[in-house]
Amino acid sequence: MREVFIVADNILSPVGDTSDENFARLQDGVSGIKEHHHPATSAQPFYASLFNSDVFSTENNRQGYTKFEQMLIASVSGALADCDIEATENETVFIVSTTKGNIGLLENSPYTGPIKDRVALPRSAKLVAGHFKFINQPIVVSNACISGLLALLTGMRLIQSGRYEHAVVAGADVVSQFVLSGFQSFQAISAQPCKPFDAERNGLTLGEGAGTIILSARKKDAASIRLAGGSVSNDANHISGPSRTGEELFHAIHNAMQDADVSSTCIDFISAHGTATIYNDEMEAKAFNLANLQTVPVNSLKGYFGHTLGAAGIIECVVSCQSLKHNLVLPTLGFHNSGVSKPLNICNRIETGIYNNCLKTASGFGGCNAAVVLRKQ
């Protein structure tokens, strides 16, 4: 099976504009989450990690890209600038990961005519692909909150199959009134910044962001990180509630480790989904125990970025790659006392060591689960 390497990446978030900038600020405990008073988005104040309103102003964008599309373009540009892979190569595929894309356009316009076309995810993917002159038709991956990891696995498998040499995988989502009200209707939004795995957690915090990872069959240098394996599964349990046993996420974890040819003793740290909802964190704790990973250092990055939905898996993989390169694991911001029924080794401070393998997990509405293994050469 062909090896697949991460040769460039980017994180664009309210915390920073590059992967290095984001990682440095995360080490300093900087979070993008703040209290916001946006009557057009929510009648009540809410916590979220949001870009300043003038950063992606569609009024000042002469080319007519939406905020969502501008975020993708900025992140992809940052990643492409860090490698010699060309969008115009026939061997390069472009993959977009998102959950809602331009859905916010419906808040002020009926679902007819031009708006109907503009909301369609393939339309945005084609516009962004056209900006960079990708010659292959872009692929859209939208499967709730595992979209980012699933998009990476799609790119990995396309490269392994020999169909392409490179995959530019980019994810983004915008916090709109539509998105926020949806989570509020589930009573899933925390009244304070989220507290993953904590005894006092009571919901998630949303965030805006874009992330890009460029995969390639060609290794950039001796220190390249490999996307060594991955797997997906489904609970078949409930449209919004996760499995009560964690068995299905465990299956994804087990299969991902098998695909990467590693055992539980080889996993050095876990970047969990860790949304800070009561049921997600409990389910993950059970799955990690089933996989015999309960003593492995684990963190959640949601306290820094918020839940960036379709971008989350990509952004959090980039941070995990930085952790592997720098041999340090970030703390779980907001965590103080364990609130899950199974033992976990939750990081509450920066930990250092020799880290070679990271397990990254994600779960989402509809019972979907994903896991990938990142390996340092």
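Visitor: What makes E316 and K360 count as buried?

Guide: Buried means under 20% relative accessible area, while exposed means over 50% and partly exposed lies in between (1.4 Å probe, protein chains only). Both E316 and K360 fall in the buried class. Bear in mind that this is a predicted model, in which local features need pLDDT of at least 70 and side-chain atom pairs count only at pLDDT 80 or more, while totals for chains, interfaces and linings use all residues. Residues are numbered from 1 along each chain as its sequence is written, and side-chain values use heavy atoms, with hydrogens and water left out.

Visitor: Why is the contact between E316 and K360 called a salt bridge?

Guide: The term asks for a side-chain nitrogen of Lys or Arg within 4 Å of a carboxyl oxygen of Asp or Glu. For E316 and K360 the closest N and O atoms are 2.9 Å apart, so the pair qualifies. E316 sits in helix α10 (residues 312-326) and K360 in strand β15, so the bridge ties together parts that are 44 residues apart in sequence. Here helices (H or I, at least four residues) and strands (E, at least two) are DSSP runs, numbered from the N terminus.

Visitor: What makes E21 and R25 partly exposed?

Guide: E21 has a relative accessible area of 28% and R25 has 35%, so both values fall between the two cut-offs. These residues also form a salt bridge, with N and O atoms 3.5 Å apart at the closest. Both belong to helix α1 (residues 19-27), where they are four residues apart, about one turn of the helix.

Visitor: How do you know that R123 and D117 form a salt bridge?

Guide: Their closest N and O atoms are 3.2 Å apart, so the pair passes the test. R123, at 35%, is partly exposed, and D117, at 39%, is partly exposed too.

Visitor: Why is strand β6 described as mostly covered?

Guide: Eight of the eight residues in β6 (residues 166-173) are buried. H166, V168, A170 and A172 point one way, while A167, V169, G171 and D173 point the other way. In a regular strand, side chains alternate between the two faces of the sheet.

Visitor: How do you know that β6 pairs with β4 and β8?

Guide: Two strands pair if DSSP finds at least two bridges between them. Strand β4 (residues 92-97) runs parallel to β6 and is joined to it by six bridges, so the pair qualifies; I95 stands opposite V169. Strand β8 (residues 209-216) has eight bridges to β6 in the antiparallel sense, so this pair qualifies as well; here D173 stands opposite G209.

Visitor: What makes a space a pocket instead of a cavity?

Guide: On a 1 Å grid over the protein atoms alone, a cavity is a set of points where a 1.4 Å probe fits but cannot get out, whereas a pocket is an open set with protein on both sides within 12 Å along at least five of seven lines. The largest pocket has a volume of about 750 Å³. Its lining, meaning residues with an atom within 4 Å of a point, has 27 residues, and K67, E107, V174, V175 and S176 are the closest to its centre.

Methods: Points joined across faces, edges and corners; volume = space filled by probe spheres on them.
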